[in-house]
Amino acid sequence: MNMSSQSTEDNEKKTSKPQLPDNWDRCHAYNDRKRRYCRQMPAPNQIYCGNHLHLVEEDCDRKRSCDDVESFDAVKTSNKKKRIPCPIDPSHLIFESALAKHVLVCPAAKEREETCSREYYLEGTNTGGFGDLGDDDENNDVGGEGITDLDRAKQLAMSVLRVFSSVFPSSVARVKTQNKGHSSHDDLSDDDLKYITEDDIYNALPEFDLSSAEEGIAKDIAKHQIKTGGPRHLHQLQSILGHARQNGLIAAVDDEREGENVVIEMGAGRGMLGLVIASAIGAAQTKNSSSNVKLYLVERSGTRGKAETKIRTAAGDALKNNDDCLRLDRVEVSRIKCDLAHVHTSAALPFLTKKSEKSRSIVVAKHLCGAGTDLALKSLRDVSVYGCVMATCCHGLCTWKDYVGRGCFLELFRGVGGLSTLFERDFDQLKRWTSASVLEDSGNANASATTTDVAVTDAHNNGDTDNVKGKSQNIFLVVNELGLACGGKGLGRACQRLIDYGRIEYIKRHLFHTTATSSAEHDCIAAKVSLCHYCSSDVTPQNALIIAKRG
């Protein structure tokens with residue numbers, strides 16, 4: 001048996017639907033991805049649970065071509081109870097027959113109405129990104145007359161390497177050493193850039209894992225029964241906390257600055273990162289300090305196991321130790337329940353509009369997906385914060401219209417990148433390529449295309465792969481055509497870092513920018529903004545951290 005036939009058999013085994021287990025009394029829907037049957041209880045007189053009743057109609061259609069349909073008569077009657085996504089909140093299903101009634105009483109509608117009535121709600125205030133939208137996609141060829149999709153993809157790939165080697169010069173240090181005649185980036189040819197490896201791209205960013213410096217918080221996290229999500233998430237929390245402390249965003253024990261310490265977590269979810277950092281600041285305050293740390297959690301949806309519960313529990317805990325690494329009893333929490341796209345930060349937190357040298361307000365975020373990071377950064381444009389620490393994630397969910405680094409992107413790709421035009425669809429292609437950073441390279445471009453689509457669907461569940469126009473845009477095919485040493489994984493990571501680079505330039509130029517009257521003064525007040533790996537890629541492949549501190 002050859003390898004191809006064996007692979008075909010393996011795929012058939014994975015996709016084949018097994019027989020129902022003996023005495024199975026649960027839902028009959030089979031989950032191909034999990035390779036098991038649904039374990040929910042079926043609806044009354046049905047073989048499917050409420051979430052899978054839509055399969056009844058598919059069963060009926062399939063059985064209409066068979067002679068034995070009488071046994072499905074009872075199943076057919078359930079078509080009257082077909083479920084559809086709620087038009088107001090698609091996260092839950094409703095009976096189609098009850099649609100008109102449901103929209104009048106839907107809890108999501110009431111919740112949205114309540115959110116829209118709040119003083120800090122301003123529709124779309126943080127959308128739109130920053131910078132020019134680039135070249136018009138309409139009535140324009142991809143890259144000029146006679147240029148195919150594959151040709152354009154190859155142009156973009158080489159442009160990515162040119163820009164990356166320009167903004168991260170250490171990525172080409174090895175190539176320059178091997179080609180001793182080259183003394184500057186401008187001297188590097190496309191053939192030279194093709195020798196950049198995946199390791200060169202990864203090591204272009206320094207890796208500072210500071211989790212070991214914060215190992216003491218593990219005991220306090222266990223003491224307060226804080227659910228961090230497992231050892232890997234705890235590792236990331238420790239390192240992010242270590243970076244915040246190392247960069248002076250957490251007051252030292254003997255620091256007697258006036259003013260309140262404020263922590264704002266964007267896209268907070270349960271708020272565990274904000275809780276840990278605020279509690280660490282509370283522990284770092286002087287014993288005589290009477291002010292508590294203010295923690296604000298910005299999140300659009302409700303969730304269980306929230307930070308508020310832990311803080312309430314700690315407030316009544318009689319066992320308080322001044323030597324603890326985390327002091328939850330010194331934290332006051334408030335939750336701003338609103339989508340980041342609509343949060344008017346200056347109205348939600350008016351004290352941030354008052355610029356003060358003694359302000360200790362910091363913004364934190366951990367794996368704020370895709371455009372969420374851009375929305376969070378733009379929400380800070382009218383306020384003054386002391387610093388921010390953001391771990392980026394899911395670059396495949398970014399959008400050109402909401403990206404705050406558009407100006408930087410256009411400047412780089414039209415300049416050192418060598419492109420005469422840059423369209424929105426070019427950015428869309430680059431963001432799809434970022435998913436390859438978590439895949440293994442394959443010599444088979446067609447197989448890799450399938451793998452990429454599955455990875456994007458599983459990781460983001462956003463249907464973004466529907467926009468892929470054939471295999472000409474597949475990153476592995478492009479890499480093979482060009483003969484790039486970095487592979488698809490390296491090129492995908494380069495795309496990730498360039499998206500993040502646009503964000504740190506936005507912070508430098510527009511959020512933490514201060515006008516200086518002299519060069520000497522500029523050196524004193526310049527903001528400190530950096531990008532690094534805060535942990536190993538073995539802990540999480542999304543391991544980039546943006547750190548900014550006002551000068």
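This is a short tour of the structure, stop by stop, with what to select and what you'll find there.

Before you click: the model is predicted, so local features need pLDDT of at least 70 and side-chain atom pairs count only at pLDDT 80 or more, while totals for chains, interfaces and linings use all residues. Residues are numbered from 1 along each chain as its sequence is written, and side-chain values use heavy atoms, with hydrogens and water left out.

**Stop 1: the sheet**

Switch to cartoon view and pick out the strands. Helices (H or I, at least four residues) and strands (E, at least two) are DSSP runs, numbered from the N terminus. Here 7 strands make an open sheet of mixed pairing, in the order β7-β6-β5-β8-β9-β11-β10. Two strands pair if DSSP finds at least two bridges between them. Select 331-337 and 528-533 next: these are β7 and β10, the edge strands, and each pairs on one side only. On average, neighbouring strands of this sheet are turned by 15° against each other, direction ignored; the axes behind such angles are lines fitted to C-alpha atoms, for helices over the stretch in contact, and angles run from 0 to 180 degrees between N-to-C directions.

Now zoom in on 261-266 (β5) and 293-299 (β6), which run parallel and are joined by 5 bridges. Click V262 and look across to β6, where its bridge partner is K294. As background, strands of a sheet pair through backbone hydrogen bonds, either parallel or antiparallel.

**Stop 2**

Select 487-511, which is helix α20. α20 lies across β9, β10 and β11 (544-549), and runs at about 165° to β10. Contact here means heavy atoms within 4.5 Å.

Show side chains for R503 and D374. They meet in a salt bridge, 3.0 Å from N to O (the cut-off is a side-chain nitrogen of Lys or Arg within 4 Å of a carboxyl oxygen of Asp or Glu). R503 sits in α20 and D374 in helix α15 (residues 371-378), so this pair ties together parts that are 129 residues apart in sequence. Is R503 buried or exposed? R503 is buried, with a relative accessible area of 0%, and D374 is buried, also listed at 0%. Buried means under 20% relative accessible area, exposed over 50%, partly exposed in between (1.4 Å probe, protein chains only).

Bring in R497 and you have a network of salt bridges linking D374, R497, D500 and R503.

Slide along to K508 and E505, another salt bridge, with the closest N and O atoms 3.6 Å apart. K508 is partly exposed at 34% relative accessible area, whereas E505 counts as buried at 10%. Across the whole structure, a search finds 21 salt bridges.

**Stop 3: aromatic pairs**

A search of the whole structure finds 13 aromatic pairs. Rings of Phe, Tyr and Trp (its six-membered ring) pair if their centres lie within 6.5 Å; planes under 30 degrees apart count as stacked, over 60 as edge-to-face and the rest as tilted. Select F130 and Y506: the ring centres are 5.5 Å apart and the planes at 55°, so the pair is tilted. F130 is in the loop between α5 (107-116) and α6 (149-167), and Y506 is in α20, 376 residues away in the chain. F130 is partly exposed at 36% relative accessible area, but Y506 counts as buried at 4%.

Move on to W400 and F427, a tilted pair with centres 5.1 Å apart and planes at 45°. Both W400 and F427 are buried.

**Stop 4**

Most residues other than glycine have a negative phi, and most peptide bonds are trans. Click R35, in the loop between β1 (30-31) and β2 (36-37); its phi is positive, near 55°. Finish at H367 in strand β8 (residues 360-369), where phi is near 50°, again a positive value in a residue other than glycine.
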